[in-house]
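Hi,

Here is the structure I promised to pass on. Have a look at it first, and my notes follow below.

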Amino acid sequence: MLVELRILDLGVIGEAAIEFSPGFTAVTGETGAGKTMIVTGLSLLTGAKADPRLVRVGAGRALVEGRWQLDAATAAAVAELGGEVDADGVLTSRQLSASRSRMTIGGAQVPAGIGQDLVGEWVTVHGQSEQLRLGTPERQREVLDRYAGPELDGLLTDYRERFEQRRRLMTELAELTDQAQARLRELDLLRFGLDEIARVEPQPGEDVTLAAEAKLLQSIDDVRLAVHTGLMALAGDEDSYGEVPDALGLVGAARKALVTAVAADDSLTGLASELDDAAAALADVASGLAGYLAGLDADPVRLEWIAGRQADLQALTRKYGATIDEVLAYAAESAARVTTLDSADARIEELQVQLAALDADLGVLATRLTDLRTAAAERLEAAVRGELAALAMPKARLRFEVAPLTEPGPHGADQISLLFSANPGSAPGPLAKVASGGELSRVRLALEVVLAETTPGQTFVFDEVDAGVGGAVALEIGRRLARLARHSQVIVVTHLAQVAAFADKHFQVTKADDGQVTTSGVRQVAADDRLAVLARMMGGLDSSESALAHATELLEQASSRASR
C-alpha cells in the first residue's frame, strides 16, 4: 500500500506531499493545474521512462518519493536488492535531470528495469499507456490468466520450465546437426594427429634426455681427457708414482706428519680427524672418477640413432607442441575431444528421445492450460458483462477468444484476443480498434473490479477513468471504484464531482501564477471545504446555497450507493 507520495519540481508542481490511506483517494483540480503529474510521478516510481522535459522550468532536477507498507515476502524481495525496510515501510525514489535518471528502492540504487519489475507488482497505473497495453495480446493473456487463479499459475510454471528445457535441448540438437560436417572434419584431423604421435611413441621428457646424451657423445674425447686429468691430480699414476705430487699423496703425508704432533698435544686430535675425513672423501671422488672413466666409451652407432630419434620427435614438436611433454598433453586433449565428437551421434539420438517426451508433456500441459483459460474466459465475460451494464453499456459484449497458436510458445499454445462489441448486431472486433476512449476506460474499470475480488491488496491508480462520461454513468463509475477500494487501494485522478464524491479521502491540486511561472501544490479537502470544491466542480458557485446543497446531496447519494 502506498502511504505517502512526495513530488519536487515535477512539471508544474513545485512541491507537494500526499498522505494516502487504504480505500479510495480522489485527486481533483482544474484543467492545467497539474493533477496528471500525480499519476506521472507514480509512473516514474514504477520504472517508467523518464523524460528530462518533466523537470520544472528553472529547476535543476525533479524528485519523486513514495513510501510503501509491504508484506513480508515483498520486503524480502527488497532486501535481496540491498534495500532497507524499516517500521515505516520502504522508501522508493526517482530523480531525473537533463542528463540522467536515478532510481532507488530502500536506499539501494537499481536500474529502472529492475524497479519496474518489483514496484510494478505493488501498483497498477491505468493511464493512456495502459489503455494501449490492454490492446495487446500479451496484456490480454495476462488479464485472463490473472483471473483464472492459482491453479493456472502453478500449471503455467510447470509448462514454462519444460518449455525452457525443450528450448535448451533444441538449441543443442540444432548445433550438433548443423555442425555435422565440421565435426567430421575435426575428427579426421584429430585422428591423423593421434596416429602420427602414436607411430613415434614419444616418452615423457624424452627430447630433453636425448639432447643431454647426444651432447655427451659428441664431446666424449674432451670429457675423457678432463676426467683423466682430474683423476691424476687426485690419485696420480702408477707410471709416475712419486714423480708428480697428487692430492691423496700429499694428504697422506700431512696425516703421517700430524701423528707425532697429536702425541705431544691432544688438542690437535680434532684437526687430525678432519684430515682423515678429507682423505676418505678424496679417495671416494677418485674412485668415482675412475669408475666413470672406465665406463666412458664412444658409441657412434648410438649417436646416429639419437640423431634419427630426435628428427622424429622434432617432427612432432613442430606441429603439436614446443616440447614432447606438450605433444603428449595435446594427444590427451585430442583423445578426449575425439571421444566427445564420437558420442555426438549417440547424443543426437538421446536428445531426440528427450524432446519427444517433452513434447508429449508440453502437449498435455498446453491442453490443460487451454481448458482452464476457456473456462475462465466464460466466467470473466459473464462477470464483466454485469459491470458494463451498470456502467451504462448494457448491450456491450466483451469476449476472450482462446484460439490455437501456429507454434506453441512459452505461455502455452493459446492466442488470446479480447473482442468487443458496443451494440447488438455489430460483430465483435479487437478491443483496441473498435472501442472509443470512454468505452475503453469503462472496460478497463470493469475488468479491475472483477479481478480485484480474486487478487486483493494491490494499489490501483486511474487517470481520467471517467473521460467522456457524466451524470448517472459517472455515479456508477464512482460506485465501482468504491467497490474496488474494498479490496485494494484506489487512487483516482478525476474531473467529475460524481466520482470524487465516493472517495474516502479527497485532495485538490491548486495552481498559482506570478505572471512568469505557474506552480501547483496539493491540499486535502474535507467537511465544508470539500463541499465547496464539489460544488465548484459541478459548475456551481462554491458559496451559493443551492450549489452547496447540491454537493451535500451528491455526497449523501454517493454514500448510499457505495454501501450497496
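By about how much of a helix are tyrosine 159 and phenylalanine 163 separated in helix α6? By about one helical turn, because they sit four residues apart in α6 (residues 150-178). (Helices here are DSSP runs of H or I with at least four residues, strands are runs of E with at least two, and both are numbered from the N terminus.)

Before the rest, two notes on how to read this. It's a predicted model, so local features need pLDDT of at least 70 and side-chain atom pairs count only at pLDDT 80 or more, while totals for chains, interfaces and linings use all residues. Residues are numbered from 1 along each chain as its sequence is written, and side-chain values use heavy atoms, with hydrogens and water left out.

**Aromatic pairs**

The whole structure has five aromatic pairs (ring centres of Phe, Tyr and Trp, the last by its six-membered ring, within 6.5 Å; planes under 30 degrees apart are stacked, over 60 edge-to-face, the rest tilted). One of them is tryptophan 68 with tryptophan 122: the centres are 5.5 Å apart and the planes at 65 degrees, so this pair is edge-to-face. Tryptophan 68 belongs to strand β4 (residues 61-68) and tryptophan 122 to the loop between α3 (112-119) and β8 (123-126), so the pair ties together parts 54 residues apart in sequence. Tyrosine 159 and phenylalanine 163 are stacked, because their ring centres are 6.0 Å apart and their planes at 20 degrees.

Buried or exposed? Tryptophan 68 is buried at 0% relative accessibility (buried is under 20% relative accessible area, exposed over 50%, partly exposed in between, with a 1.4 Å probe and protein chains only). Tryptophan 122 is buried at 9%, tyrosine 159 at 1% and phenylalanine 163 at 18%.

**An open sheet**

Strands β9, β10 and β11 form an open, antiparallel sheet in that order (strands pair if DSSP finds at least two bridges between them). β9 (397-409) and β11 (429-430) are at the edges with a single partner strand each, so one side of each has no neighbour in the sheet. Nine bridges join β9 to β10 (residues 412-421), and valine 402 is opposite isoleucine 416 in β10.

**Overall**

The protein has 20 helices and 15 strands. Its radius of gyration is 46 Å, well over the 24 Å from the globule rule for 564 residues, so it is more spread out than a compact globule (taken over C-alpha atoms; the rule is 2.2 Å times the number of residues to the power 0.38). The C-alpha atoms fill a box of roughly 150 × 65 × 45 Å along the principal axes.

Cheers
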